[in-house]
Amino acid sequence: MIIFIYACDLNGAIGKDGDLPWRQSSDLQHFKRITLGGTIVMGRKTWESLPGKLPGRRNIVMSRSIRDDIEQMNYDEVISLSEQQDVFIIGGGEIYNLFIDDVKELHRTLIDTKIENADTFITDISNLGFHMISERHVSAGEKDQFDMIFQHFIR
Ligand SMILES: NC(=O)c1ccc[n+]([C@@H]2O[C@H](COP(=O)([O-])OP(=O)(O)OC[C@H]3O[C@@H](n4cnc5c(N)ncnc54)[C@H](OP(=O)(O)O)[C@@H]3O)[C@@H](O)[C@H]2O)c1
C-alpha cells in the first residue's frame with residue numbers, strides 16, 4: 001500500500017529553499033516512529049537535503065538520472081513494490097504529486113504557522129476522499145518552534 005507522511009503549515013507549505021521550513025524535533029520523532037523498519041521513497045531533491053540514508057529503513061530515491069550512491073526506482077517499480085508491502089512516500093512536492101491518486105493512507109502533521117515565502121506545497125487533500133481516523137494536538141516542546149497536530153487519514 002502507498003502511504004504518505006508529511007508535515008505542512010496552515011497553507012499547505014512543506015518546503016523552502018530546499019529544506020524544511022521549521023525545526024520540529026517532536027515531528028521528526030513521530031516520523032521516525034512511523035517509518036522505522038519500513039521502506040521509504042523520496043525524490044532526488046529531498047534525498048539531497050538529507051545528511052545520508054535514514055537508518056533502519058530501506059531508502060529508495062526517484063530520479064530521471066542514474067545514480068550509484070543509492071537504490072533507485074521508477075514509478076512503475078514503486079507501485080509494484082507497494083502491492084507486496086507498505087511503502088512510505090516521504091516527499092517532496094513532486095513525488096507527493098506523482099502518487100496522489102495511489103495513496104491509501106496518510107500521516108499529516110499540521111504545523112501551527114504560516115511560513116512566508118515557502119516554495120514547495122502539498123496538494124489540498126480535503127476533496128480527495130480521505131477521512132480522518134485520529135488526531136492528536138501537541139504543544140511545542142523545547143526543541144520545537146511551533147505547536148502541531150498529528151493526523152491520520154485513510155481512504
Ligand atoms: N514537510 C515535509 O514533510 C517534507 C518532506 C519531504 C521534503 N520536503 C521539502 O520539499 C522540498 C523538495 O521537494 P521538491 O518537489 O522540490 O523535490 P522532490 O520531490 O524531493 O524531488 C524532485 C526530483 O524527483 C525526481 N522525479 C520527479 N518525478 C519523477 C519521476 N516521475 N520519475 C523519476 N524521478 C522523478 C527528479 O529528480 P532528477 O532531477 O534527479 O531527475 C526531480 O527533480 C524541500 O524543500 C524539502 O525539504 C518537505
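These legends walk through close-up views of a predicted model. Residues are numbered from 1 along each chain as its sequence is written. Because the model is predicted, local features need pLDDT of at least 70 and side-chain atom pairs count only at pLDDT 80 or more, while totals for chains, interfaces and linings use all residues.

**View 1. The largest nonpolar core has 30 residues.** Such a core is a set of buried Ala, Val, Leu, Ile, Met, Phe, Trp, Tyr and Cys residues joined through C-beta atoms within 7 Å. Buried means that 20 or more other C-beta atoms, placed from the backbone, lie within 10 Å of a residue's own. Look for Ile3, Phe4, Tyr6, Val41, Phe88 and Ile89, which touch the most other members. Strand β1 (2-8) is among the elements that each supply at least two residues, and its seven residues are the largest share. Helices (H or I, at least four residues) and strands (E, at least two) are DSSP runs, numbered from the N terminus.

**View 2. Here is β3 with its partner strands β4 and β5.** Four of the five residues in β3 are buried. Strands pair if DSSP finds at least two bridges between them. Five bridges link β3 to the parallel β4, and three link β3 to β5, again in the parallel sense. From β3, the chain passes through helix α2 (residues 44-49) to β4 in a right-handed β-α-β crossover: with the strands pointing away from the viewer, the path from the first strand over the helix to the second runs clockwise.

**View 3. Meet Val41 and its contacts.** Val41 stands opposite Ile60 in β4 and opposite Ile89 in β5. Leaving aside neighbours within four places in sequence, its contacts (C-beta atoms, placed from the backbone, within 7 Å) include Met62, Met73, Val78 and Ile95.

Key:
Buried ≥ 20, exposed ≤ 12 C-beta atoms within 10 Å, placed from the backbone. Contact = placed C-beta atoms within 7 Å.
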